[in-house]
Amino acid sequence: MSICSSLSTHESSPACRSPNAHFQYPPQSCATVDAAGKVRHDWPPPTSGPTATFSQGLALGVAVHALGHDRRSPSVTTPRIAVLGGGAGVLPAFLHHALPAARIDSVELCPDVCAASRALFGIDALEDGGRFTLHQADALAWIDAAEPASLDVILVDLESGDVGVEARGLIAPPASVLERPFALAAERSLSAGGVLAVNTLGSPELIEVRVRGETE
């Protein structure tokens, strides 16, 4: 199992603070709306600017998997990519567009977000095509229940959601993603040569301490 990480820190991040939200992200999207009001998913993630770090880091996971084709069975012709923390579905939808042979699983906990993604971001049409599945589920539980060797790439784009942990410098991912049980579940669900890519945001020192504590 290969592991990739995209890292942003409090100091380098262009995010701003406000009285209503302790941490806010700038706008980011891989979707566009044409003149007829149709949602398109062929807009690539940004390669520069304030939102590039996380999208490039997660996309790197897909690239690493593609480069490791010699480690996989020749019978693997339809890679399966899971995006944990799919949100409105724009990044999973872009992958669906860019990789016509891949099957995409987008896992999102919030039912309202899932409903909005279908109603406003064209995800319902992608589901009708058979290569895209939106799962309204807890992402960590979903991975734990996945069949062995059923996934080729896992992209983790989850925020902590724990104010206490975030105050100590870990915005993403949830602390449990950096712990041994998740790593073992991810490894079990990945095929030979599979890739786990994690978006990390916060203190590099805290992330390193947590990871080392789980691997030593």
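## Buried charges and nonpolar cores in a predicted model

The side chains of D105 and R80 meet in a salt bridge, with N and O 2.5 Å apart, a salt bridge being a side-chain nitrogen of Lys or Arg within 4 Å of a carboxyl oxygen of Asp or Glu. Because D105 lies in strand β7 and R80 in strand β6, the pair ties together parts that are 25 residues apart in sequence; helices (H or I, at least four residues) and strands (E, at least two) are DSSP runs numbered from the N terminus. This is a predicted model, in which local features need pLDDT of at least 70 and side-chain atom pairs count only at pLDDT 80 or more, while totals for chains, interfaces and linings use all residues. Residues are numbered from 1 along each chain as its sequence is written, and side-chain values use heavy atoms, with hydrogens and water left out.

**The chain as a whole**

- The protein chain has 8 helices and 11 strands, and buried residues make up 44% of its 216 residues, where buried means under 20% relative accessible area, exposed over 50% and partly exposed in between (1.4 Å probe, protein chains only).
- The accessible surface of the protein chain comes to about 11000 Å², of which 57% belongs to carbon and sulfur atoms; accessible areas come from the Shrake-Rupley method with a 1.4 Å probe, and for residues only the protein chains shown count as cover.
- Of the contacts in the protein chain with a separation of 6 or more, 71% are between residues 24 or more positions apart, contact meaning heavy atoms within 4.5 Å.

**Salt bridges and buried charge**

- The count comes to 2 salt bridges, and in the one between D105 and R80 D105 is buried, with a relative accessible area of 3%, while R80 counts as buried at 18%.
- Leaving out residues up to four places away in sequence, R80 touches R103, D105, W142, S150, L151, D152 and V153.
- R118 forms a salt bridge with E127, the closest N and O atoms being 2.8 Å apart; here R118 counts as partly exposed at 31% relative accessibility, and E127 is also partly exposed, with a relative accessible area of 23%.
- A polar atom of the E108 side chain lies 2.8 Å from the backbone nitrogen of G87, and beyond its neighbours within four places in sequence E108 is in contact with G85, G86, G87, V113, C114, L134, H135, Q136 and A137.

**Nonpolar cores**

- The largest nonpolar core has 18 residues, and those with the most contacts inside it are V62, I81, L95, I104, I123, F132 and L155; such a core is a set of buried Ala, Val, Leu, Ile, Met, Phe, Trp, Tyr and Cys residues joined through side-chain atoms within 4.5 Å.
- At least two residues of this core are supplied by each of α1 (52–67), β6 (80–84), α2, α4 (123–128), β8 (132–136) and β9 (151–156), and the largest share, 4 residues, comes from α2.
- Helix α2 (residues 90–98) is mostly covered, with 7 of its 9 residues buried, namely V90, L91, P92, A93, F94, L95 and H96.
- L155 touches L58, V62, I81, A82, V83, L84, L95 and A197, not counting residues up to four places away in sequence.
- A second, separate core of 17 residues includes L84, L151, F182 and L196.

**Individual positions**

- I143, found in helix α5, is buried with a relative accessible area of 0%, and its contacts beyond four places in sequence are L84, L151, I154, F182, A185, A186, R188 and S189.
- The C-alpha atoms of I143 and L190 are separated by 9.8 Å, although these residues are 47 residues apart along the chain.
- G202, in strand β11 (residues 190–202), is buried with a relative accessible area of 0%, and its C-alpha is 6.8 Å from that of A172, 30 residues apart in sequence.
- A149, in the loop between α5 (139–145) and β9, has a positive phi of about 55° although it is not a glycine, and at 49% relative accessibility A149 counts as partly exposed.
- Most residues other than glycine have a negative phi.

Conventions
A polar contact is a pair of N or O atoms within 3.5 Å; within protein, one must be able to donate a hydrogen and the other to accept it, and residues adjacent in sequence count only if both atoms are side-chain atoms.
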